[in-house]
Amino acid sequence: HQPESFDDLVTEVALFRPGPLQGGMVHPYIARRKGQKPVTYLHPDLEPILRDTLGIVLFQEQVLEIAHRFAGMPLDEADDFRALVSKNRDRVLMEAMRERFIQGAMVRGVDRTSAEQVYEKVSHFVGYGFCRSHAAAFAKIVYQSAWLKTHHPAAYMAAFMQHRPGMYNL
């Protein structure tokens with residue numbers, strides 16, 4: 001499927017980052033987007049948080065929301081959790097946060113097995129996943145570039161070659 005909306009571009013930009021790639025989220029998202037696999041959630045409480053990304057944890061805000069709404073962490077603690085799983089990966093802190101996450105979910109009425117499954121999925125959100133606004137900023141540039149390349153190809157290519165972006169060979 002090709003992108004059909006600006007939100008699709010935002011999702012595509014966020015999907016191809018080290019976090020989602022390492023977390024094995026790309027292929028499940030694509031299969032769900034194409035209708036080849038059903039959209040599923042590890043727990044019904046995750047549906048409102050993950051509905052727009054087809055049940056896949058993709059944005060840092062979703063990690064924060066899961067820690068807050070699913071595991072019952074106050075927002076400041078949920079943000080510490082988000083930062084820890086996104087960048088730090090300190091094993092001792094992760095184990096302490098694991099117990100806090102699971103116990104918090106269980107206090108909310110979630111069974112231990114589901115709480116552990118959700119923790120395992122969220123804790124694999126490693127390495128520079130985007131926040132939604134950052135992905136949106138990149139998606140805007142993607143959209144503008146595609147529009148210019150389509151409607152003004154000579155001017156687009158002249159500007160591109162003048163700018164000489166370092167990672168592209170002229």
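Let's start at one side chain: Phe81 touches Val63, Ala67, Met73, Met97, Phe101, Tyr119 and Val122, leaving out residues up to four places away in sequence. Touching here is a contact, meaning heavy atoms within 4.5 Å. The model is predicted, so local features need pLDDT of at least 70 and side-chain atom pairs count only at pLDDT 80 or more, while totals for chains, interfaces and linings use all residues. Residues are numbered from 1 along each chain as its sequence is written, and side-chain values use heavy atoms, with hydrogens and water left out.

In the largest nonpolar core, which has 40 residues, Ile66, Phe70, Met73, Phe81 and Phe101 touch the most other members. Such a core is a set of buried Ala, Val, Leu, Ile, Met, Phe, Trp, Tyr and Cys residues joined through side-chain atoms within 4.5 Å; buried means under 20% relative accessible area, exposed over 50%, and partly exposed in between (1.4 Å probe, protein chains only). At least two residues of this core come from each of H1, H3, H4 (47-50), H5 (60-70), H6 (75-88), H7 (91-107), H8 (112-123) and H9. In soluble globular proteins, nonpolar side chains tend to be buried together.

Stepping back to the whole chain, you will find ten helices and zero strands. Helices (H or I, at least four residues) and strands (E, at least two) are DSSP runs, numbered from the N terminus. The C-alpha trace spans about 60 × 35 × 25 Å along its principal axes, and 38% of the 170 residues count as buried. Among contacts with a separation of 6 or more, 59% are between residues 24 or more positions apart.

Helix H1 (residues 6-15) is mostly covered, with seven of its ten residues buried. Their cover includes helices H2 (18-22), H3 (26-33) and H9 (132-151). Phe6, also in H1, is partly exposed at 39% relative accessible area. Together with Tyr143, Trp147 and Leu148, Phe6 forms a nonpolar surface patch with about 410 Å² of accessible area. H9 gives the largest share of that patch, three residues. Patches are made of residues with over 30% relative accessible area and no salt bridge, like charges being joined within 9 Å and nonpolar side chains (Val, Leu, Ile, Met, Phe, Trp, Tyr) within 5 Å; the areas come from the Shrake-Rupley method with a 1.4 Å probe, and for residues only the protein chains shown count as cover.

Now for the charged pairs. The whole structure holds eleven salt bridges, each a side-chain nitrogen of Lys or Arg within 4 Å of a carboxyl oxygen of Asp or Glu. One of them joins Arg108 and Asp45, with the closest N and O atoms 3.0 Å apart. Glu77 and Arg100 form another, at 2.7 Å from N to O. Because Glu77 lies in H6 and Arg100 in H7, that bridge ties together parts 23 residues apart in sequence.

Finally, look at H8 and H7, where Glu120 and Arg98 meet in a salt bridge at 3.8 Å, N to O. Arg98 is buried at 18% relative accessible area, whereas Glu120 is partly exposed at 34%. Salt bridges with shared partners join Arg98, Glu99, Arg112, Glu116 and Glu120 into one network.
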